[in-house]
Amino acid sequence: EPWAMDLAMSNPVLAYALASSDQFRGTPPAAAAVQARWYCHRKQRELLEWLGFPGTEAIAKLIRKIPAESASPSILRRLNNALKADKRVLEYLSHLEVVNIAILELVTIPKYLDLITPKLLVEVAGKPAEASIGDMIHGGMVILQQIYSHRNIRPFESVRQVCRFREEADEEYQSHVHRQELARQEAKRIAEQERRRRQMVELAAQMSARENRRKIAARPYPEPPVPGTKDILPLTSADLLHSEGWEQGNCVASYQWRVLAGDTYIYKVMAPERATLAIVRCADGCWYRSELRGKGNGKVKSATIGAVDRWLEGVRVSV
């Protein structure tokens with residue numbers, strides 16, 4: 001179509017957008033092709049409005065500044081959204097002779113608008129290869145967010161400032177990593193010191209307990225506080241305690257230290273059933289029945305309990 005050729009010559013990116021109208025209007029590609037053929041003879045402002053852009057001469061001039069190789073449906077949609085969202089976008093771009101992909105990447109991301117200046121855009125417009133400027137700014141900002149930096153970023157007026165910003169962000173990240181490593185090493189050192197301290201405290205406690213046991217073990221085995229009978233026999237040595245524990249299947253041998261300390265005594269009960277008896281001395285100085293268990297710490301009959309209680313009563317000891 002002659003009208004299409006004229007549009008392609010005067011505003012190549014607008015012609016491209018018209019040919020790709022399905023990307024902007026959401027129509028099926030086949031229908032978009034037919035519509036593009038019929039709409040190509042209209043004024044550029046009308047075409048822009050039909051495609052969803054602001055239908056002004058300023059936007060038409062702006063689209064003419066975009067090199068064909070910088071155009072894509074996605075970047076044009078982003079540009080359209082940016083133009084509608086912030087009037088600074090059009091102000092920044094209207095003073096440029098060329099709006100390449102690097103500039104489009106900068107002005108179509110809202111968070112960049114506070115960081116760019118017209119001077120930076122003029123420099124980037126003259127350097128088509130500077131498509132990584134947006135990536136450099138984005139990368140630096142991501143790094144600062146990762147290290148929780150509250151650094152105030154001033155608007156960039158040159159590509160050199162952007163490069164320096166990224167270098168400084170990388171340096172700050174390396175310093176952050178180094179500080180974290182030092183903090184980890186310090187935490188590890190403190191934890192090791194604490195572990196050794198606890199180990200020394202535990203060792204000292206073990207040595208103290210061992211010494212106490214040695215002193216207690218050196219004491220002569222105490223006499224029974226309550227005389228035994230033919231059926232209730234006092235265990236008057238550590239060997240007898242161990243034998244009782246093995247025979248009855250209980251832990252009475254561990255009571256040796258209580259016996260030596262003078263607050264517990266162990267008896268072997270022979271009748272009315274086989275059992276092991278422990279009596280304890282309480283605050284009032286009297287001896288009381290504490291534990292009375294059968295083989296394997298099993299329960300004993302009430303008759304056995306009665307016999308033990310009568311024995312204790314017989315020697316005038318509180319039950």
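In helix H10 (residues 118-125), the residues Leu-120, Leu-121, Val-124 and Ala-125 are buried, that is, under 20% relative accessible area with a 1.4 Å probe and protein chains only, where exposed means over 50% and partly exposed lies in between. Seen down the axis of H10, these buried residues fall within an arc of 135°, so they line one face of the helix; the arc is taken over the directions from the helix axis to the C-beta atoms. Lys-119 and Val-122, on the other side of H10, are exposed.

The model is predicted: local features need pLDDT of at least 70 and side-chain atom pairs count only at pLDDT 80 or more, whereas totals for chains, interfaces and linings use all residues. Residues are numbered from 1 along each chain as its sequence is written, and side-chain values use heavy atoms, with hydrogens and water left out.

**Confidence**

The mean pLDDT of the chain, the predictor's confidence in each residue from 0 to 100, is 89, and 97% of the residues score at least 70. Confidence is lowest in helix H4 (residues 29-39), with a mean of 85, and highest in helix H6 (residues 57-64), at 96. Helices (H or I, at least four residues) and strands (E, at least two) are DSSP runs, numbered from the N terminus.

**Strands**

Two strands pair if DSSP finds at least two bridges between them. The pairings are as follows.

| Strands | Sense | Bridges | A bridge pair |
|---|---|---|---|
| S1 and S2 | antiparallel | 3 bridges | Ile-232 and Val-269 |
| S3 and S4 | antiparallel | 6 bridges | Arg-281 and Trp-287 |

In strand S2 (residues 264-269), 5 of the 6 residues are buried, so the strand is largely enclosed by the rest of the structure. A hairpin of 5 residues leads from S2 to S3. Pro-272 is placed in the loop between these two strands, and the peptide bond that joins Ala-271 and Pro-272 is cis, with omega about 5°. The hairpin of S3 and S4 also has 5 residues between its strands, and there Gly-285 takes a positive phi near 85°.

**The largest pocket**

The largest pocket holds about 150 Å³ of space. On a 1 Å grid over the protein atoms alone, a pocket is an open set of points where a 1.4 Å probe fits, with protein on both sides within 12 Å along at least five of seven lines, and lining residues have an atom within 4 Å of a point. Grid points are joined across faces, edges and corners, and the volume is the space filled by probe spheres set on the points.

Strand S3 (275-281) and strand S4 (287-293) each supply at least two residues of the lining. Among the lining residues are Tyr-255, Ile-266, Thr-276, Glu-291, Arg-293 and Asn-297. The lining divides into 7 nonpolar, 3 polar and 2 charged residues; Ala, Val, Leu, Ile, Met, Phe, Trp, Tyr, Cys and Pro count as nonpolar, Asp, Glu, Lys and Arg as charged, and the others, Gly among them, as polar.

Asn-297 sits in the loop between S4 and helix H15 (302-314). Its phi is near 65°, a positive value in a residue other than glycine. At 40% relative accessibility, Asn-297 counts as partly exposed.

Arg-189 lies in helix H12 (residues 159-218) and is partly exposed, with a relative accessible area of 39%. Arg-189 and Ser-20 are 169 residues apart in sequence and 64 Å apart in space, C-alpha to C-alpha.
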